Number of protein chains: 2
Amino acid sequence: MSLDAMRATNRIFEDEVVGRGDFAALDRVYTSSARILPPGAAMISGREPIRTFWKEAAAALQVKALRLVTLEAQREGDVIVEIGRAEVDTAAGPNALDLKYVVVWRQEDGAWRWHIDIWNANG
Amino acid sequence: MSLDAMRATNRIFEDEVVGRGDFAALDRVYTSSARILPPGAAMISGREPIRTFWKEAAAALQVKALRLVTLEAQREGDVIVEIGRAEVDTAAGPNALDLKYVVVWRQEDGAWRWHIDIWNANG
């Protein structure tokens, strides 16, 4: 397992992508062939469409901050399967969005990155 | 890979669980320690709570039929990671629900079963 490596990648998403609005940093979060499966939209493949999705979603929801919590992580062959929780602060208030997710991680360029990313709301 | 074994398990869900309303058949679909992550609810663990969830969901949505389509399946160590699509006919009409999902499969009692199951709507 590589919980420290996972934490480092999650921190890029929390601090650089959401915190500073640096969407180019998503290239160090997702693998080059990553897929995301957002609620209310079709599956999205590849880095540029994923960057566009997050840029638009962050703006539409006026996301202020986001915290990722790993609830479970299991290494299987070349991947890690993670179940986690995302708490999102938006213009509507702190913890306005309470999400759960499954991320399948894969190593690329010496780092563990998100390869398949699906989530939905808790309430 | 075990696409035939996956198809057999998916058919239990389509035909026995949804088709005939036999929720006990879910014990042959999910592993004994399975988790489901439904939209709009907290994560649910274990067979009895999973049976209760599907019974209530099928009744609430008046589900008539459901078709599962595997879009991608990759063996990793002891698991298979599947990305798929579910087309659901409800009282509102055919294909009233268009869902995508990620299922992490694991072998139990000689069969491939759903171990982690998360989904959301496409539109």
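Reply: Two copies of a chain are related by a rotation about an axis and a shift along it. Here, a rotation of 180° with 0.0 Å of shift along its axis superposes chain A on chain B, with an RMSD of 0.0 Å (least squares on the C-alpha atoms of residues with pLDDT of at least 70 in both copies). The two copies are therefore related as by a two-fold rotation axis. In chain A, the C-alpha nearest this axis belongs to A:Gly77, 2.0 Å from it.

Me: Which conventions apply to the model and its numbering?

Reply: The model is predicted, so local features need pLDDT of at least 70 and side-chain atom pairs count only at pLDDT 80 or more, whereas totals for chains, interfaces and linings use all residues. Residues are numbered from 1 along each chain as its sequence is written, chains are lettered from A and ligands numbered from 1 in the order in which they are written, and side-chain values use heavy atoms, leaving out hydrogens and water.

Me: What area is buried between chain A and chain B?

Reply: The size of an interface is often given as the accessible area lost when the parts come together. Between chain A and chain B about 2,100 Å² is buried, and carbon and sulfur atoms give 63% of it (1.4 Å probe, summed over both parts). A:Glu76, A:Lys100 and A:Ile118 supply 23% of the area that chain A buries against chain B, more than any other three residues. Each chain brings 28 residues to the contact (heavy atoms within 4.5 Å). Because 100% of the interface residues of chain A are also interface residues in chain B, the copies meet through the same surface.

Me: How many salt bridges does the rule find across the interface of chain A and chain B?

Reply: A salt bridge requires a side-chain nitrogen of Lys or Arg within 4 Å of a carboxyl oxygen of Asp or Glu. The rule finds four across this interface. The side chains of A:Glu76 and B:Arg106 meet in a salt bridge, at 2.6 Å from N to O.

Me: Which residues of helix α1 of chain B are buried?

Reply: An α-helix has 3.6 residues a turn, so residues three or four places apart point the same way. In α1 of chain B (residues 3–19), the buried residues include B:Met6, B:Asn10, B:Phe13 and B:Val17 (under 20% relative accessible area, 1.4 Å probe, protein chains only; helices are DSSP runs of H or I, at least four residues, and strands runs of E, at least two, numbered from the N terminus). The buried residues of this helix pack against α2 (47–60), β3 (63–76), β4 (79–90), β5 (93–108) and β6 (111–121) of chain B.

Key. Buried area is the accessible area (1.4 Å probe) that two parts lose on being put together, summed over both. Buried means under 20% relative accessible area, exposed over 50%, partly exposed in between (1.4 Å probe, protein chains only).
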